[in-house]
Structure formats: C-alpha cells, structure tokens
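Here is a short note for a first look at this entry. Please read the points with the structure open.

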Amino acid sequence: MKKTTNRRDFMKQTAALVAAGSLPLSVIEIAFGKNSDQNFSFAYLSDSHITHIKGNEFVRNWDRGLVRAVAESNLMDPKPDFVFYGGDIAQLGKPEEIDHGLEILGGLNGKVHYVMGEHDYYLDLGEYWKKQLGPDYYSFDHKGVHFVVLNSILTHEKWMHKKWPSGMDRMLQMARLDNPDGQPFMVGDAQRQWLKKDLAKINKDTPVVVFSHSPIQKIHKGWNFWTDDAEQVQSLLKPFKKVTVIYGHVHQIQYNQIGNISFHSAMATAWPWPYPSSYTQVETYLPKLTVEMNRADPFNERDATGWQFINMHTGNIDLHYILPENQNRIVGYDAKQGKPVDRDYQKTDKRIPPQVHY
Amino acid sequence: MKLYKMMSACLLTCTLLTICMPSSADQFTEADVKRWTNEYMSVMKQGEKLFHGGLKANNTVSCDQCHPNATNIHPETYPKFQKQLGKVAVLGEMINWCIMNPTESEPLELDSNEIIALQAYIHYERRGVALQPGKH
C-alpha cells in the first residue's frame, strides 16, 4: 500500500519551494481507501495569460508566473503522474502566445492534459490550439478514476460565427471580462450528448473528476463566472457517487457542494481577480460555503497566485492552499456534513480581516 | 484715507454688478444640471476607454485585466495610508503606481485629463457606496 502523503510530509518535501514563496500549481493526491495500491497525484496549473507585446517581447510578469509554476512542479516529490493545464495559456489566442506558453510548459516532466480557455479560443475558434494540442473535449481513465475534460467556454453559435471584421475583433470582445455586451459560456448540445454517451460506460461507483475552464455552476454572469447550461451538465453527473469539478478562469479560491458534486477552483499563475461581490452594481452568487482568499497585495506580484495541495480520500478531496506571506488554508471534504469546509476559518467568528472583501 | 476710498469704490462696483446681473448665481436650471451631468458622463466614458486599453501601456496590459468593473480599487477609502508608499496617499497616486508597475508605463500628472477621467470612471462603478476614508 502506498502511503498517502500527508501535509506535513509534503511540506517537508517542498520546504525549499515554499521558502521561495508562491507555488502556483496544484498537487492532487487521489486515494481509494486504506487497502488501495492505486493512489496517485497530479499537478494543476492554470490561467497564465501569456501576452505578446511585439517581436520577441512578452509581458514579464505573466511569463514569470508560468516559469515558476513549471520549475516548482518539476521539483514535486512524490512525482505527479501527469499535469493538468486549466486553460488560458494565451491572452489573445495568438500563435506567438500559445507557442511561447507551450515552450515554457514544455519544460514540464511528464504528460500534460490541456483544457481550452476562452483566451485560447476566440481568435480562430480554437484552430491553432487544437492543431498544437489535439481535441478540446475528451476523457480517459487513470488508476480507477474517470477523467473528463470539457470545453465550457463556447457561446451562442450565431455570435461566434457572425461576420466579424477579423478574428481579433471577436477575441477582444471575449477577452474583456467586464464587457457589457459579453456572451455567456456554455458547454453546448454536442458536448453534452457526447458526455452522456461517455458516462454511460462508467460504473456509478467510479470517482469522476471533471475539468472545465469555467465553473459548471452559476456565480456571476457578468464576468462569466458562469456556465449557461451548468444544471444540464450537473444532471448528467448526478448518478455518480463521487464527483469533483475542478475549474480555472476565476483566478481565486472558490469551493461549493451541489448535491453529489464538489466544486473547487484553482489559482491563476498570472494574477488574482476580485470576488464578484466587490462589484456593487449587480447581484452575484458566490457560494456561501466559500471563505474568501486573503485580499491580494498588488505590491507583491505573485501574491494570490498561490497553489493547492490536494488529497483525494475515497473519492473526496482535501485542498491545502499554500499562500505566500499569508496563513495557509485547508479546505477538506467533511463526510458528516457532506461538503467541503475550511478547517480553520469556516466559522464566521474565526475569520481574519484580510478575508473581508468589499 | 486712500484705502477707504478704494474700498468704497470696490463696494460700489460690486453692488452695481449685482444689480446689473440677469440672475443670481444659484439659480441654475434643469438644463444646466443636464449639461453638467453630461460633461461628467462624457469624461467618465473617456475614463472607461482608458481603463480598458486606451492608455496604450508599454506592455499592452490594461487596468481592467486585474480590476473588472473597477473592482478592488475602493475609491471610497481614499485618502488612506498605503503601507507600501509609507504615507497617506490619494487615489491618483495609486493609479500612477499601477501605471508604472503592472503596466510598465510612465506616470501621469495628477491633474491630467487622463487621471481625472480614470477617477471619474472608477468612482462611477462604485456609486452608492458610502465614503469610508482611511478604511482597509
């Protein structure tokens, strides 16, 4: 039996990394109970937003976030079985940006699975990304877990295929997060039909882990912290005992439980985003369960681009958020309550001033 | 005596001016209010454009990338102590900090049209929130 790495062991192994500051990646340890020899881990990096300026110049800050995540994930011990990349390699989907991002990601040891982000997609409707990386939705099995990757950043066909002056005009519309003319993300009929067929083959006791770029839940439509057909996707996942959805896009800590599905977001390697409630002109729906991350210090450019150490015990996960210059956070699945809770800060009277966003 | 004469002359001039003016200064009309509001909204719109890439930063990074809808700026809390600047600062100084650092560009004059427009937009997105100077 392989011992599940506990937090203390992991911290010992990565002490040097933690000393270096923020580690913008996730380690996901999956355990199938005490007698399983199929435990494994994988790393999760997301939202690098590599930005081409001109010639051979790229935005230094965003480059450094990704370079650091790659270097640190290569130092992980135990070594992850593979790495997931959660989308938005590029800022404007340019081949220069995707290539530059992939060159940095090429430094990773082992297999990398990719998720499509809207910043990778809307210049050429994902053509260059797919040419380099393959299909944008797929599934595979690994040591008893069924992994599903969805392209959740599609929108209305009419909007995507209307006569744009150029692909870049469409990209710029989608790249503006707070665009008042923004279009909602969706998985769409074709992928939902594919997902239904894909899941039909899977035993309902098999843990299922779904990766999408946007949350498959509805938080704030204005910034696409939202998937329009979220409920329809959730209903396809409903028959399974243990389902986890891991998403990028939001650049912040979020967690939730809807029925049998645990939701977890990951940090960006590039920059953090405010919580939707900070926008006081509209109503937003951050899961009540989420205790917010500490407010970022803009003077520390890697602050709030932290990482998560995640244990998956019998199909549910514990997340260990490692936050530079802040108290670490542990969000774990509480079997009694049937939802993830923060071990230190979940109770209102335990929260600290930096967790108050306004 | 000379001073007294000068003061009398001034007083007389002021009185005459007041009598001759067609209306009192506070008698503004709805049309005035509309014009002033439109002036503000026009500058606010300029600010929105500058905020969303209009500043033409050296590295192409724009304000809205980190601050969608001008969130996490908290204009209602300024002036306030910025530990990193080591002093109580006004919002314009933090805008300039952002221009110089994340967007790697040259700071603007605090009374420049651009800084005023950016503040007009930032405040507009935060309208209705109570003033809380110094809050962290």
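What share of the contacts in chain B between residues at least 6 apart in sequence join residues at least 24 apart?

1. The share in chain B is 64%. Two residues count as in contact if their C-beta atoms, placed from the backbone, lie within 7 Å.

2. A word on the source. This is a predicted model, where local features need pLDDT of at least 70 and side-chain atom pairs count only at pLDDT 80 or more, while totals for chains, interfaces and linings use all residues. Residues are numbered from 1 along each chain as its sequence is written, and chains are lettered from A and ligands numbered from 1 in the order in which they are written.

3. Chain B holds four helices and two strands. Along the sequence they follow α-α-β-β-α-α. Helices (H or I, at least four residues) and strands (E, at least two) are DSSP runs, numbered from the N terminus.

4. Chain B has 136 residues, and 23% of them are buried. Buried means that 20 or more other C-beta atoms lie within 10 Å of the residue's own, with C-beta atoms placed from the backbone.

5. Chain A contains an open, mixed sheet of six strands, in the order β7-β8-β9-β10-β12-β11. Strands β7 (138–142) and β11 (255–258) of chain A are at the edges; each has a single partner strand, so one side of each lacks a neighbour in the sheet. Two strands pair if DSSP finds at least two bridges between them.

6. Inside chain A, strands β9 (residues 208–212) and β10 (residues 243–247) run parallel, joined by five bridges. A:V209 has A:T244 in β10(A) as its bridge partner.

7. Chain A gives 16 residues to the contact and chain B gives 17 residues.

Notes:
Buried ≥ 20, exposed ≤ 12 C-beta atoms within 10 Å, placed from the backbone.
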